[in-house]
Amino acid sequence: MRSKKSVIATPSCKVCHRKIEQNSLFSLIFAEKTICIRCFFALKPRWVTRRFGKVKVHWLYPYEEAFQNLLYLYKGCGDIELSTVFLERVKPYLRLRYFRHVIIPAPSAEKRIAERGYDHVPLIFQGIGKGIVHAIVKTSDVKQSDQNKEGRKRIGNYLALLPKVNISGERILFVDDVMTTGSTVRACLRLLRKLRPKSIEVFVLAKVGKKDHVGSS
């Protein structure tokens with residue numbers, strides 16, 4: 001009796017939907033395959049680290065057209081399948097670097113989460129560190145992108161710590177999708193410091209603007 005051969009499906013890129021090459025170096029290194037090399041490099045990945053006051057801030061992509069379009073599909077059009085593509089190629093490194101860290105995501109308004117059907121930032125960063133802890137909540141549905149310069153400075157007025165969150169003595173990695181002026185990050189860091197963590201770092205997917213300067217925390 002002839003045995004049936006098992007068929008292994010060739011993965012497809014979730015961005016361009018082309019089959020992902022299985023004979024490349026990347027395909028040998030990474031077990032998960034949801035974004036092809038072409039689409040990944042179209043995002044212009046470059047790990048950048050700068051000081052935001054006393055806190056290290058890292059980002060991976062420039063906020064340019066390829067990234068903007070991908071984030072819009074994921075965040076604005078509800079394509080939850082794209083949650084894996086942003087960090088797939090660097091997740092092994094992030095897991096090693098931050099295995100002792102608690103991951104705290106920037107908060108989204110409850111209304112936006114309900115409309116979208118998922119909380120977009122935690123999904124991107126799941127599987128990194130000791131786990132995700134929701135420590136900060138938005139008290140009002142205020143979009144920073146809709147605010148002028150003075151309005152962005154007041155973004156902290158619409159953020160609050162959730163009760164009974166204990167991160168005292170923990171290493172914290174605060175994560176978000178995009179950093180524009182740094183107002184949201186600054187306000188969240190101010191709140192997190194009240195909980196006396198051992199240390200805080202920040203990682204965002206992309207930073208708006210050509211300059212690498214991120215101001216002060």
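Two rings of Phe, Tyr or Trp (taking the six-membered ring of Trp) make a pair here if their centres lie within 6.5 Å; planes under 30 degrees apart count as stacked, over 60 as edge-to-face, and the rest as tilted. By that rule, the structure holds 9 aromatic pairs. One of them joins Tyr63 and Phe67: an edge-to-face pair, 6.0 Å centre to centre, with 65° between the planes.

Bear in mind that this is a predicted model: local features need pLDDT of at least 70, side-chain atom pairs count only at pLDDT 80 or more, and totals for chains, interfaces and linings use all residues. Numbering starts from 1 along each chain as its sequence is written, and side-chain values use heavy atoms, with hydrogens and water left out.

Tyr63 counts as partly exposed because its relative accessibility is 31%, while Phe67, at 1%, counts as buried (buried is under 20% relative accessible area, exposed over 50%, partly exposed in between, with a 1.4 Å probe and protein chains only).

Phe67 also pairs edge-to-face with Phe86, at 5.9 Å centre to centre and 65° between the planes. This pair links distant parts of the chain, 19 residues apart: Phe67 sits in helix 3 (residues 65-76), Phe86 in the loop between helix 3 and helix 4 (91-97). Helices here are DSSP runs of H or I, at least four residues, numbered from the N terminus. Phe86 is buried too, at 1% relative accessibility.

Step back, and ring pairs link Tyr61, Tyr63, Phe67, Tyr74, Phe86 and Tyr118 into a cluster.

Notes:
Helix = DSSP H or I, 4+ residues; strand = E, 2+ residues; numbered from the N terminus.
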